[in-house]
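Please read them with the sequence and the coordinates open.

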Amino acid sequence: MTQMQLNTAIDYQNLFEQINQPLRQHYHGKARIMFGSSGVGYGTRIAGVEGFARLLWGAGPAFNRLDASWQAELKAGILAGTDPESPDYWGNLHDRDQRMVEMPPIAFALWHHQHALWKAYDSAQQHQIATWLRQVFAHGCSDGNWQFFKILIYHVLDQLGVSLTAAEQADVQAAMAKIERCYVQDGWYQDSARGRMDYYTPFAFQYYGILYSVLLPDDPQSAVFRKRAREFATQFITFFAADGANVPFGRSLTYRYAAVAFWVAMVYGHVWPEKTAEMKGIINRNLRWWFKRPIFDESGLLTLGYGYAQLLMTEPYNSPTSPYWSNKIFLLLALPADDPYWRTLEAPLSVSQPTKLLAAPHLLAMSDKGHSILLNAGQPGPNYHALTNEKYFKFAYSSQFGFSVPRENQLKEEAVMDSMLGLQTCDTTMVANRGGHDVVEPGMFYSRNNVSDVVQTKQWVASTWRINDNMNVRTWLVGLAGWQIRLHRVTVKQPTLAYETGFGVANSPDEPGKFETSAHGSTFSGPSGFSGIVDLLGNSQQADCSIGGFPNTNLMTPEVVALPGRQTKLVPGEHWLVTGVYAHQETSYGQERWDEQPQVTLTVDHAQIQLGADIVTVKLS
């Protein structure tokens, strides 16, 4: 699939079938698709419903293009799954039920193509299907993007001619009010009162808002959703690099190329028609980028993971069938044969500004010769997702190097703390083995796990993170010509080690690269790229602390990860750590850029950073 052409509807249809045909070997009965051996929080029977329904995110839009046997299979599955007398019945719902997530693709499969699938059922069968779907209105659901499920199902059923009650209408009105409470600014939504801003804005809130606008084109709320989508597009485009990669950030990354579902919805809803060629380029390059990676197993099934099969980074709600949520991209197949998209040639990304502030999620986007980087001030809020520190609180996220997740929180090699500052108190120790010798060293890392006092400008962002009464850090992040400059004001009340890192780079033992260190800097160069970290203040208490991170920890590569790092001994009091980080997958280019390093001048209340002719002044408060 690496050289695939993606121009015509037939091209996308072939891609849909190539990806989803292997699912047909894993029916359990008529209405569940299940495979794999890993567990999930809602159990395997509901995971089977998920497997069938997530196929429909693509099969619904593609329905009139599928062969008769596939159409009959899907028709029979929906009928069996909604029949209380069938052994394949999908069951009765309860509050906050995962099956609510799987209802919209079923509903839309009935709605697409002038309701062709819906019309294939007789009136009694239609009543049965509608009765099962209407359970969604009788139960409470999560107060984030899930509220859209009630809204969309209601309006689909209404357009299918189902008689709905005043109580159901009131439930939907309440759901819309909850969606509105999630809206922040610039097209961004916070996923519930306690949630964060991440890919759920594009592949959930924005996607569903555009679907709503297609269902109800004259509704005033549709104009609101479309306006927000255009605003968001100018922000979200910074997540994508020229080679097609998107920056991994936040949770649910196992949905992979669902990252471009937003652009697909924009095309489907004709929200940004003047940008169709550029959006087609974003979609197609992203798909090609993904399909060069080993994201399918030997039988052709999508795996749990990101750049490869990797359970370590998954969420409690990820079953083996979950990655097929990425079928949302095949909404394109609902476009009519004469839609301009099929005749449009893909265009490259427009030239982006070097840095762009994304104020709502507290990100500063930076572009450097095809490398897209997000500098991250962090989003305040409670932590209740797996690996929150790694997915939401690293200093930077990269389209080229991704990020790593830990296997433990003691040895640096197993913690793999790329783009982080870890603090260790010297009274918490462990016995490690270094170079064949047992050594006693600090044994637990404290890292950024929440923030407060966020300040943002067009050139830098800042926030404070408090570990406990003994440790407090305020961090400023500056983006300048591909460089990250980090300024940390660290206050500690006991002897502490500060361990800071740059980006991790794949370092295969088959083609190993090389670490180098100087008095103030540490670098790695190898076939997969260059990464370096340098102390810009010339701290005499700092030393090299580069490591080889354990394999299968980085999202992009299963290889051992070369991670340049520096370690500083801190006595009780206030300290300044000023760090420069640079990395690029083009090794020679990275080494060339490394030779011209930023210069930093600190005063009582300001820092001045200079790189060549560029100067940035940071207010230290």
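1. Is Cys426 buried, partly exposed or exposed? The model is predicted, and in it Cys426 has a relative accessibility of 37%. A residue counts as buried under 20% and as exposed over 50%, so Cys426 is partly exposed.

2. On the cysteines in general: a search of the whole structure turns up zero disulfides. Cys426 takes part in none, and the nearest cysteine sulfur, which belongs to Cys545, is 13 Å away. Cys182 is likewise in no disulfide; there the nearest cysteine sulfur is that of Cys141, at 11 Å. A disulfide would need the two sulfur atoms within 2.5 Å. Cys182 is buried, because its relative accessible area is 4%.

3. On the annotated spans: the UniProt record, an unreviewed entry, lists "domain: DUF2264" for residues 11-348 and 355-600. In the model, residues 11-348 are 48% helix and 1% strand, whereas residues 355-600 are 7% helix and 50% strand. The end C-alpha atoms are 20 Å apart for residues 11-348 and 19 Å apart for residues 355-600.

4. On helix H6 (residues 147-159): the 13 residues should span 18 Å at 1.5 Å a residue, and the end C-alpha atoms are 19 Å apart, which agrees. Eleven of the 13 residues are buried, so H6 is largely enclosed by the rest of the structure. Among the buried residues of H6 are Phe148, Phe149, Lys150, Tyr154 and His155. The cover over the buried residues of H6 includes helix H4 (99-119), helix H5 (123-133), helix H7 (166-182), helix H8 (200-215) and H9. After H6 comes Gly161, which has a positive phi, near 90°.

5. On helix H11 (residues 276-291): the same check can be made here. With 16 residues at 1.5 Å a residue, H11 should span 22 Å, and its end C-alpha atoms are 22 Å apart, which agrees. Of the 16 residues of H11, 15 are buried, so this helix is largely enclosed by the rest of the structure.

6. On Ser222: this residue is found in helix H9 (residues 220-236). Ser222 counts as buried because its relative accessibility is 0%. Not counting residues up to four places away in sequence, Ser222 touches Tyr212, Ser213, Leu216 and Pro217.

7. On the sheet S3-S4-S5-S6: four strands make up this open sheet, in that order, with antiparallel pairing. Its edge strands are S3 (355-358) and S6 (396-398), each of which pairs on one side only. From one strand to the next, the twist averages 20°. Strand S5 (residues 371-376) pairs with S6 in the antiparallel sense over three bridges, and Ile373 stands opposite Ser398 in S6.

8. Three residues lie between S10 and S11, and the two strands form a hairpin. Gln456 stands opposite Val461 in S11.

9. On the sheet S24-S25-S26: three strands form an open sheet in this order, and the pairing is antiparallel. Strand S24 (599-602) and strand S26 (614-619) are at the edges with a single partner strand each, so one side of each has no neighbour in the sheet. The twist averages 15° from one strand to the next. Six bridges join strand S25 (residues 606-611) to S26, the two running antiparallel. Within this pairing, Val616 in S26 is the bridge partner of Ile609.

10. On Leu570: this residue is in strand S22 (residues 565-570), and it is buried, because its relative accessible area is 4%. Which residues are in contact with Leu570, leaving aside its neighbours within four places in sequence? They are Val490, Val492, Gln494, Pro495, Thr496, Ala498 and His575. Leu570 and Thr425 are 145 residues apart in sequence, yet their C-alpha atoms are 9.7 Å apart in space.

Conventions:
Residues numbered from 1 in each chain as written. Predicted model: local features only at pLDDT ≥ 70, side-chain atom pairs only at ≥ 80, totals over all residues. Heavy atoms only, no water. Pairing = 2+ DSSP bridges. Axes fitted to C-alpha atoms, helices over the stretch in contact; angles between N-to-C directions. Buried < 20%, exposed > 50% of the residue type's maximum accessible area, 1.4 Å probe, protein only. Contact = heavy atoms within 4.5 Å. Expected span 1.5 Å × (residues − 1). UniProt positions renumbered as here; feature names shortened; annotations may be inferred.
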